[in-house]
Amino acid sequence: MSTIFTKIIYGEIPSYKIAENDHFIAFLDAMPLVKGHTLVVPKKEVDLIFDLESEEYKNLWGFAQEVAKKIKVAVPCVRVGVAVVGLEVPHAHIHLIPLNKMEDMNFRNERLKLSDEEYTEIQNSIINS
């Protein structure tokens, strides 16, 4: 079940990586709803988030919490919203979305088109927060 996320994990596709450890990776969404929209992904290929082993599931959320705190410092927002959808990519993942209003988390909204410079600026801001 090789997915686009697996290719990002193995460096076959470039990404704007925010954080990584032996089990998880976080990177900026390539089609963000808002600036700072980040995906948190287990390196283990699992389609459904609830199919992760209990310990791995807990650790994924702990990793996401660490990333969300960095996003909150780096990206102007009221809070960081969380969504688990999983319909577009069959690889478990968590969306961390900086929110200033409810509409920021509407997946029907038009996605932002950011330049490489904008992605790099956001990436560095989160990493260095």
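Guide: A salt bridge here is a side-chain nitrogen of Lys or Arg within 4 Å of a carboxyl oxygen of Asp or Glu. This is a predicted model, in which local features need pLDDT of at least 70 and side-chain atom pairs count only at pLDDT 80 or more, while totals for chains, interfaces and linings use all residues. Residues are numbered from 1 along each chain as its sequence is written, and side-chain values use heavy atoms, with hydrogens and water left out.

Visitor: How many salt bridges does the rule give?
Guide: The count comes to seven.

Visitor: What does lysine 101 pair with?
Guide: Lysine 101 meets aspartate 104 in a salt bridge, at 3.0 Å from N to O.

Visitor: Is aspartate 104 buried or exposed?
Guide: Aspartate 104 counts as buried because its relative accessibility is 9%; buried means under 20% relative accessible area, exposed over 50%, and partly exposed in between, with a 1.4 Å probe and protein chains only. Lysine 101, at 48%, counts as partly exposed.

Visitor: Which residues are joined into one network by shared partners?
Guide: Lys17, Glu20 and Lys43 are joined in that way by their salt bridges.

Visitor: How far apart are the closest N and O atoms of lysine 43 and glutamate 20?
Guide: Those atoms are 2.7 Å apart. The pair links distant parts of the chain, 23 residues apart: lysine 43 is in the loop between β3 and α2 (54-74), and glutamate 20 is in strand β1. Helices (H or I, at least four residues) and strands (E, at least two) are DSSP runs, numbered from the N terminus. Lysine 43 is partly exposed at 22% relative accessible area, and glutamate 20 is partly exposed at 36%.

Visitor: And where do lysine 58 and glutamate 55 lie?
Guide: Both are in helix α2, three residues apart, about one turn of the helix. Lysine 58 counts as exposed, at 52% relative accessibility.

Visitor: Changing topic: what is the strand order in the sheet?
Guide: The open sheet of five strands has the order β1-β2-β3-β5-β4, with antiparallel pairing; two strands pair if DSSP finds at least two bridges between them.

Visitor: Why is one side of β1 and of β4 left without a neighbour in the sheet?
Guide: β1 (17-20) and β4 (79-83) stand at the edges and each has a single partner strand, so one side of each has no neighbour there.

Visitor: How many bridges join β1 to β2?
Guide: Three bridges join β1 to strand β2 (residues 24-28), and the two run antiparallel. Glutamate 20, the partner of lysine 43, stands opposite isoleucine 25 in β2.

Visitor: Which strands does α3 touch?
Guide: Helix α3 packs on the sheet and touches β1, β2 and β3, with its direction at about 35° to that of β1. Contact means heavy atoms within 4.5 Å. Axes are lines fitted to C-alpha atoms, for helices over the stretch in contact, and angles run from 0 to 180 degrees between N-to-C directions.

Visitor: Is glutamate 121 buried or exposed?
Guide: Glutamate 121, which lies in helix α3 (residues 116-127), counts as exposed at 58% relative accessibility.

Visitor: And threonine 38, buried or exposed?
Guide: Threonine 38 counts as buried, because its relative accessibility is 0%. Its place is in strand β3 (residues 38-42). Not counting residues up to four places away in sequence, threonine 38 touches several residues, among them Ile18, Phe27, Val67, His95 and Ile126.
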